[in-house]
Amino acid sequence: MINKKMKKFDPKIWNLINDEKNRQELCINLIASENYASNSILEAQGSCLTNKYAEGYIGNRFYDGCNVIDKIESIAINRAKKLFCVEYANVQPHSGSQANFAVFQALLKPYDIILGMNLNHGGHLTHGSSVNFSGKIYKSYSYGVNEFGEIDYQQFKYLSFLHHPKVIIGGFSSYSGICDWKYMRKIADKVNAYFFVDISHIVGLIISGLYPNPIKYAHVISTTTHKTLGGPRGGLILSNCGNKELYSKLNASVFPGTQGGPLMHVIAAKAIAFKEALSSKFIKLQKNILNYAKVMVKIFLKKNFLVISKKTENHLFLIDLSNKKITGKEASNLLSRAGIIVNKNSIPNDKQTPFITSGIRIGTPAIVKRNIKINDVIQITHWICDILDNPENLNQIKEIRKKIKKICKNNPIYAI
């Protein structure tokens, strides 16, 4: 609940927060990277822990008064280790990008060569994009997908042997297929590279045994703690490679290398998220996330929409709208007017700019978290098709908006 004292002291901010709360409650969220944190997580993030500086690590802080803080971080670390079956976990990164930056700083020197997935083919900004630190500090090369929308492992192998990168990056932000972690590690070993995997999008599915686990293949793993995990916005670094010297480098790269004081209110929230993820309920949610995405893909294909790779093996998929004569930006704007929130997204070999795009990305974590039933998901998918097939029909959008509001009111995110 929003604090009523805030309403009196700063009504402008209070009203805007309330507006955002209402927007979330009355819209269907199909953005693949978003989810809903539990009330317990929200409470931890708004707690007095936000007042405490705790630079350093457990038992070795640069500030006094950290006895309780040490216990909280210890719980978070131990739960992360248990959840991911690893011997090393750093819970301090403020975000997934911060976690990736810290890993690069630990493994690389400026201008070292890295190989990651092309941003336009499903990779992430921090995997070597020229507009990101990863493409500016390091010499970056990119592998992509083939004509079937699947990772081009021949290209991956060719580029690895051609450039001999020091770090090979696995993972993605908009790829709906399965990654062959074993093969990627095999190639990394042949060129004497570290194999670093970013599982930010698929972390929940991996924990639940619904997607291949890279733990035994990667030297280092990073992830966010929100997306499919459903926790607070933050980052996490993991490893089970047995290299204690590497673990020390990773710790030093997080602090003091790339960050100052950890956000202890967020670390407490991470600990709660890890406990939630250790439950049988969490696994059931992840199964629904995967199932809902597959059901939606089947409907889009039947409705003559071009789904990249024509399937999904995780929580997301891309739709190429070029045959519908509509851009990703136009599509996302139209759907937003109906209360259906997606994001415009580049497709492989896109001719549009990243600000326009030829596609949209759709994901299912948020609709599962708010307990939207499969029959409603099927109906929502048909409505998306109707809107994008008839973009000029504004009356149809208004009618669908009414129906979306009804579904949302029947399935509140946060019960009052």
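**Close-up views of a predicted model**

**View A. The lining of the largest cavity.** His121, Val145, Gly149, Ser174, Tyr175, Ser176, Ile308, Leu318 and Pro348 form the lining of the largest cavity in this predicted model. The space inside the largest cavity amounts to about 60 Å³. Its lining comprises five nonpolar and four polar residues, with no charged residues.

**View B. The second largest cavity.** Two cavities of 30 Å³ or more are counted in the model. The second largest cavity has a volume of about 30 Å³. Its lining consists of Gln92, Pro93, His94, Leu263, Val266, Ile267 and Lys270. Four of these residues are classed as nonpolar, two as polar and one as charged.

**View C. The second largest pocket.** The volume of the second largest pocket is about 650 Å³. Its lining is made up of 29 residues, and those closest to the centre of the pocket are Leu119, His124, Leu125, Ser173 and Arg361. Helix 5 (96–107) and strand 14 (343–345) are the elements that each contribute two or more residues to this lining. By class, the lining contains five nonpolar, 18 polar and six charged residues.

**View D. The packing of helix 12 with helix 15.** Helix 12 (residues 280–302) packs with helix 15 (residues 374–389) at an angle of about 35°, and their axes are 10 Å apart. The crossing of these two helices is right-handed. The contact includes ten nonpolar and three polar residues, and no charged residues.

Note on methods. Residues are numbered from 1 along each chain as its sequence is written. This is a predicted model: local features need pLDDT of at least 70, side-chain atom pairs count only at pLDDT 80 or more; totals for chains, interfaces and linings use all residues. Side-chain values use heavy atoms; hydrogens and water are left out. On a 1 Å grid over the protein atoms alone, a cavity is a set of points where a 1.4 Å probe fits but cannot get out, and a pocket is an open set with protein on both sides within 12 Å along at least five of seven lines; lining residues have an atom within 4 Å of a point. Grid points are joined across faces, edges and corners, and a volume is the space filled by probe spheres set on the points. Helices (H or I, at least four residues) and strands (E, at least two) are DSSP runs, numbered from the N terminus. Ala, Val, Leu, Ile, Met, Phe, Trp, Tyr, Cys and Pro count as nonpolar, Asp, Glu, Lys and Arg as charged, and the others, Gly among them, as polar. Axes are lines fitted to C-alpha atoms, for helices over the stretch in contact, and angles run from 0 to 180 degrees between N-to-C directions. A crossing is left-handed if the near helix is turned anticlockwise from the far one by less than a right angle, and right-handed if clockwise.
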